[in-house]
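Please read it alongside the sequence and the coordinates.

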Amino acid sequence: MKDTHVYSHYKEAVIGAAIDLAKEHPEVVFLDADLSSCIGSTAFQKEFPERFFNCGIAEANMAGVAAGLSSMGFVPFIHSFGCFASRRDYDQLFISVGYAHQRVLVIGSDPGITAQYNGGTHMPFEDIALMRQIPGFVIVEPSDMQSLYELTRQAYDSGKSAYIRTPRKGSNFRYTTEDKIELGKGIELRDGNDVGIIATGIVMVNAAMEAAEILKEKGINATVIDLHTIRPLDTELIEKTAAKCGKLLVCENGRYAGGVGEMIAGYLATVNPVKMSFLNVGERFGEVGNLKYLSEAFGFTADNIVKKVEDLIR
């Protein structure tokens with residue numbers, strides 16, 4: 001690929017990766033839960049009508065069908081909104097896929113506050129925690145379209161089941177086709193010695209980068225890490241950042257319990273305990289609003305990250 005950017009929206013990137021994989025691997029199939037127009041999987045259906053299955057508004061059944069297809073040698077992608085792809089599918093993903101050693105790649109769209117006007121019922125803050133409980137599942141939350149495309153392909157290449165956490169709408173341009181994006185290897189976006197900010201996903205990585213600029217004006221130099229892969233965890237980069245900075249702030253569009261911050265804290269407790277702080281949804285449910293309103297309501301902003309860093313340093 002020679003283009004600087006290949007895709008202009010999140011859903012185009014993830015479906016584009018599935019289509020390209022299907023062109024290369026005849027065993028790739030796609031299942032949707034009557035949301036093909038929302039994620040754009042109609043493009044997959046157009047390319048491979050005999051390898052696309054609309055399972056209707058029956059997400060748990062879709063996961064079971066995918067497990068059955070996997071047992072017959074296929075590699076299914078399945079999609080639904082993240083709340084359904086995790087909570088409603090969970091028993092089937094845990095038993096029929098995980099326990100039965102089948103292989104399914106799950107696209108959970110609109111995680112956390114990116115569900116916006118769909119409201120609290122559609123905001124999965126606990127999906128990462130749930131997927132972490134299924135042994136062997138790869139978990140990724142990219143921060144732009146290019147990394148979403150690349151990591152979707154690499155999740156397939158891993159030979160494991162995976163949970164791909166992504167918004168549907170909008171766009172973010174961070175990486176180009178020339179940048180090295182590697183599953184299981186976080187990316188250091190800024191280098192600093194005063195504090196390490198580890199962020200996952202579009203909402204938090206953008207806010208962290210903006211916060212780092214504000215902190216620099218205040219004389220605080222921050223390392224910013226785009227932790228696009230949650231499992232396998234990049235323990236080498238986390239240890240390096242902890243040793244260099246001595247203080248870490250972990251920012252995630254989800255819940256602390258079972259989430260990224262708790263995972264990193266648990267790991268560092270065994271190798272190099274450092275002073276840490278966390279930005280997450282806390283003990284709250286979601287609510288209705290646009291992304292700007294919800295970011296402010298939950299404190300997922302550059303200004304709040306700056307305040308947390310200053311408190312952490314004090």
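Which residue of S10 does Ile 139 stand opposite? Ile 139 stands opposite Arg 231 in S10.

This is a predicted model, in which local features need pLDDT of at least 70 and side-chain atom pairs count only at pLDDT 80 or more, while totals for chains, interfaces and linings use all residues. Residues are numbered from 1 along each chain as its sequence is written, and side-chain values use heavy atoms, with hydrogens and water left out.

1. The seven-strand sheet. An open sheet of 7 strands has the order S2-S1-S3-S4-S6-S5-S10, with mixed pairing. Strands are DSSP runs of E with at least two residues, helices are runs of H or I with at least four, and both are numbered from the N terminus; two strands pair if DSSP finds at least two bridges between them. Strand S2 (52-54) and strand S10 (229-231) are the edges; each has a single partner strand, so one side of each lacks a neighbour in the sheet. From one strand to the next the twist averages 20 degrees. Strand S5 (residues 138-140) and S10 run antiparallel and are joined by 2 bridges.

2. Helix H4. Helix H4 (residues 59-71) packs on this sheet and touches strand S1 (28-32), S2 and strand S3 (75-81). Its direction makes about 170 degrees with that of S3. Angles run from 0 to 180 degrees between N-to-C directions, with axes fitted as lines to C-alpha atoms, for helices over the stretch in contact.

3. Strand S4. S3 and S4 run parallel, joined by 5 bridges; Ile 78 has Val 106 in S4 as its bridge partner. S4 also pairs with strand S6 (residues 162-166), in the parallel sense and over 5 bridges, and here Thr 166 in S6 is the bridge partner of Ser 109. Of the 5 residues of strand S4 (residues 105-109), 5 are buried, that is, under 20% relative accessible area with a 1.4 Å probe and protein chains only. In a regular strand the side chains alternate between the two faces of the sheet. In S4, Leu 105, Ile 107 and Ser 109 point one way, Val 106 and Gly 108 the other, and all are buried.

4. The five-strand sheet. A further open sheet has 5 strands in the order S7-S9-S8-S11-S12, and its pairing is mixed. Strand S7 (187-190) and strand S12 (275-279) are its edges, each pairing on one side only. The twist averages 25 degrees from one strand to the next. S7 pairs with strand S9 (residues 222-226) in the antiparallel sense over 3 bridges, and Glu 188 has Ile 225 in S9 as its bridge partner.

5. Helices on the five-strand sheet. Helix H10 (residues 235-245) packs on the sheet, touching S7, strand S8 (195-199), S9 and strand S11 (247-251). Helix H11 (residues 260-271) also packs on the sheet, touching S8, S11 and S12.

6. Helices H1 and H8. Helix H1 (residues 10-24) packs against helix H8 (residues 145-157) at an angle of about 35 degrees, their axes being 8 Å apart.

7. Gln 154. Gln 154 is found in helix H8 and counts as buried because its relative accessibility is 19%. The Gln 154 side chain reaches the backbone oxygen of Ile 181 at 2.8 Å. Leaving aside neighbours within four places in sequence, Gln 154 is in contact with Ile 181, Glu 182 and Leu 183.

Key. Contact means heavy atoms within 4.5 Å. Buried means under 20% relative accessible area, exposed over 50%, partly exposed in between (1.4 Å probe, protein chains only). A polar contact is a pair of N or O atoms within 3.5 Å; within protein, one must be able to donate a hydrogen and the other to accept it, and residues adjacent in sequence count only if both atoms are side-chain atoms.
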